[in-house]
Amino acid sequence: MKNKISTLQVVSLCWQLILSVDIGIISYISLISLKQDGWISIIVAGFLGIIPVLLYLYLMSYRPEMNFHQLNEYLFGKIGGKIINSIVALLIAFCVMLYFNNLNNFITSQYLHKTPTLFGIIIFSIPVIYLLNQGLTTIGRTTFVLFAFGLGLLLLTVLGLVGQIDLNNFMPILEHDTTNIFRTALRIIPYTSFSLILLLCIPKQDIVDSSKLNKRVIGAYIISFITVLSALFFIVGVLGADLAQLYQYPEFHVLKRISIGGFIERVESTLSLRWIFYIFTTLVFGLYFLKKYIETTFRIKKEKKLNIISSVVAIILLISCNWMFSSNTESNMLLLNIIPIFLYIINLGVTILMFIKTKTKTL
């Protein structure tokens, strides 16, 4: 049972994979491109993003005994499969560094102002690497617990902000043309829907109640996008688009407006913990994806040896992010213009290629 996971745990994983980009990424793309019209692009992205999700679910069902890396070697042969797996693994490794850089910036700027950046990286690397070396079952249970805590904090956030929304902040509606709205939606999809490719490192037969998987994953996807939409709705509705653009993390600053019961204030540090949970889960599972790549590609059978190698890789990636992105301006330019292109070419391109190959491959 060490490598078994339930659909509820997969659902909690989907939720956190999508919402991990809610802070510092989706809000930045939406606000910088469309201001108060950003919510429209999120709705468009939600509808279009269901296409890659359906492709992922199809590939999981095609050969349920295989994970993503094994399936590629089956479809394209050992050499072709290893090449494709290596390209995708490099992309996932870069995304891990990007997400950890986002997490580290958020924590050091909002929580630990006087703490050296490298110290923060080391502290947060320890639980990530520890959980990485546990079985899939342990990762799934931890993910579900963090999901439950995050859901509770989300409900408190909604209750605290719902009465402070000013609908005038959304005026004028449709100030931007449909081309710009569609372009922004296409920039959002790679950071939300494409992250679910990580699920493919789990063979479907390792999911305990897999008959419910498709419906539950699609349900989780829809609810997650509604949550992403509500986050931007609260940011614009409470702060206003112009003020929100001045903050690096407007999601955090809008929480400063919350008071519980009219007398409990300054709860933003507690309520924002859910974003740390989300990014933590995404980091662990992104590294788990790389771990399964190493295991499949190099045919490593001994668990201890695999854990050592994957831990070394994790340490290198997590520490390297401190030098990979030299400034917030540089990382923001990458988020907006460069990274989505690579995600479309590699993530979506490989997925479509696999789908086409399954239709011509003889079982």
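1. Start with Thr282 and Ser20: their side chains make a polar contact of 3.0 Å. (A polar contact is a pair of N or O atoms within 3.5 Å; within protein, one must be able to donate a hydrogen and the other to accept it, and residues adjacent in sequence count only if both atoms are side-chain atoms.) Bear in mind that this is a predicted model, where local features need pLDDT of at least 70, side-chain atom pairs count only at pLDDT 80 or more, and totals for chains, interfaces and linings use all residues. Residues are numbered from 1 along each chain as its sequence is written, and side-chain values use heavy atoms, with hydrogens and water left out.

2. Where does Thr282 sit? Look in helix α12, residues 273–297. (Helices are DSSP runs of H or I with at least four residues, strands are runs of E with at least two, and both are numbered from the N terminus.) Thr282 counts as buried because its relative accessibility is 7%; buried means under 20% relative accessible area, exposed over 50%, and partly exposed in between, using a 1.4 Å probe and protein chains only. Leaving aside neighbours within four places in sequence, Thr282 is in contact (heavy atoms within 4.5 Å) with Gln16, Leu17, Ser20, Tyr99 and Leu198.

3. Now the largest nonpolar core, which has 119 residues; Tyr191, Leu196 and Phe285 touch the most other members. Helix α4 (residues 68–110) gives this core its largest share, 18 residues. (A nonpolar core is a set of buried Ala, Val, Leu, Ile, Met, Phe, Trp, Tyr and Cys residues joined through side-chain atoms within 4.5 Å.) Not counting residues up to four places away in sequence, Phe285 touches Leu13, Leu136, Ile139, Leu198, Cys201 and Ile202.

4. How many salt bridges does the structure hold? There are seven, a salt bridge being a side-chain nitrogen of Lys or Arg within 4 Å of a carboxyl oxygen of Asp or Glu. One of them pairs Asp209 with Arg216, with the closest N and O atoms 3.7 Å apart. Asp209 is partly exposed at 21%, and Arg216 is partly exposed at 27%.
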